[in-house]
Amino acid sequence: MPPSNQIQKNSSMPTQNNNYDSKEIKDMYCDEVSFFKYVVPLIYRHVTLDFCDMQPQNFINFAKEWGKKPTSVFLHGTYGSGKTQFAFAMIREMFRSCPIKLWPRYFTSTELDKRLLKALKSEEGDEYEIKNIASQDILFIDDIGRETKSDRLRNQYFEIFNYRYSHKLPTILTSNFDLEDLDEVIDGSIASRIQEWNILRFKDRDLRIAQ
Ligand SMILES: Nc1ncnc2c1ncn2[C@@H]1O[C@H](COP(=O)(O)OP(=O)(O)OP(=O)(O)O)[C@@H](O)[C@H]1O
Ligand SMILES: [Mg+2]
């Protein structure tokens, strides 16, 4: 397990991507104001790095660099340690400083699980939905490990992560679990690839209690 506050480096560059959502929809929400207004849950709408001052300086520095050149990142730690807030602050930084226009897509893991199950049960099957999710410019899955454990979801996650890995598309994952503990929801080969990502381990403290 990496020590607290450790950031593992990864420098692969994001690629601009032709995803499956229509260009009109993308353009409508493809800016900081609309993303935070229409996509981000209310309690995180205001966040910037200035609201993350309880986090260590190396996290803040990392987020500033990440904003210019997003890469895949795994944020893990205990409940209330500030992972989701920090991830949204990173995304705001990206809107402000990335020279490439990238569209982030946000899902809680339980929402994504429901969506993938629904797609699989549909007449058309899940191929289109998997490709759609897999090909987003930036995919943020919040709280991975909280969803149902099933071979169905592991296979669907494998397709998504494998596609993103091979197309060098940045993914943000937050979790209360370490990578080793996620083996029931993600395939071992994917967990092994996540080890190459930047990994931020949040300090064990509940900032909700501190409020
Ligand atoms: N750096 C910070 N300074 C002060 N308060 C913070 C900071 N980061 C987060 N918080 C507050 O702490 C609470 C928990 O933050 P957040 O939801 O990001 O935690 P989390 O790690 O995602 O928790 P969980 O694992 O339960 O999803 C939020 O109400 C948030 O506003
Ligand atoms: Mg969270």
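Predicted model: local features only at pLDDT ≥ 70, side-chain atom pairs only at ≥ 80, totals over all residues.

Reader: Noted. How many helices and strands does the chain have?

Author: There are 9 helices and 5 strands. Going along the sequence, the order is α-α-α-β-α-β-α-α-β-α-β-α-β-α.

Reader: And of the contacts between residues at least 6 apart, what share join residues at least 24 apart?

Author: That share is 87%.

Reader: Let's go inside. How many residues are in the largest nonpolar core, and which have the most contacts there?

Author: It has 42 residues, and the ones with the most contacts inside it are Val73, Leu75, Ala87, Met90, Phe140 and Tyr157. Helix α4, residues 83–97, supplies the largest share of this core, with 7 residues.

Reader: Take Phe140 then. What is it in contact with, leaving aside neighbours within four places?

Author: Phe140 is in contact with Ala87, Pro104, Arg105, Tyr106 and Ile172. Ala87 and Phe140 are both on that list of core residues with the most contacts.

Reader: Switching to the ligand. Which residues are closest to ligand 1?

Author: Met54, Gly82, Thr84, Gln85 and Leu207 are the closest, out of 17 residues that surround it. The elements giving two or more residues to that shell are α4 and α9, the latter being 207–210. Of the elements, α4 gives the most, with 3 residues.

Reader: What's the shell like by class?

Author: Around ligand 1 there are 5 nonpolar, 8 polar and 4 charged residues.

Reader: Now α6. Which residues are buried in that helix?

Author: Glu129, Ile130, Ile133 and Ala134 are buried in α6, which spans residues 127–134.

Reader: Why do they line one face?

Author: Looking down the axis of α6, its buried residues fall within an arc of 125°, so they line one face of the helix.

Reader: Since you mention β3 and α7, what about Asp143? Buried or exposed?

Author: Buried, because Asp143 has 20 other C-beta atoms within 10 Å, and 20 or more is the cut-off for that. Asp143 is in the loop between β3 and α7.

Reader: What does Asp143 touch?

Author: Not counting residues up to four places away in sequence, Asp143 touches Thr108, Ser109, Thr174 and Ser175. Asp143 and Ser175 are 32 residues apart along the chain, yet their C-alpha atoms are separated by 4.5 Å.

Reader: Last one: where does Val33 lie, and why does it count as exposed?

Author: Val33 lies in helix α2, residues 32–39. Val33 counts as exposed because it has 9 C-beta neighbours inside 10 Å, and the limit for exposed is 12 or fewer. From Val33 to Arg45 the C-alpha to C-alpha distance is 9.5 Å, with the two 12 residues apart in sequence.

Note on methods:
Residues numbered from 1 in each chain as written. Chains lettered and ligands numbered in written order. Core = buried A, V, L, I, M, F, W, Y, C linked by C-beta atoms within 7 Å. Helix = DSSP H or I, 4+ residues; strand = E, 2+ residues; numbered from the N terminus. Contact = placed C-beta atoms within 7 Å. Near = placed C-beta within 6 Å. Nonpolar A, V, L, I, M, F, W, Y, C, P; charged D, E, K, R; others polar. Arc of directions from axis to C-beta.
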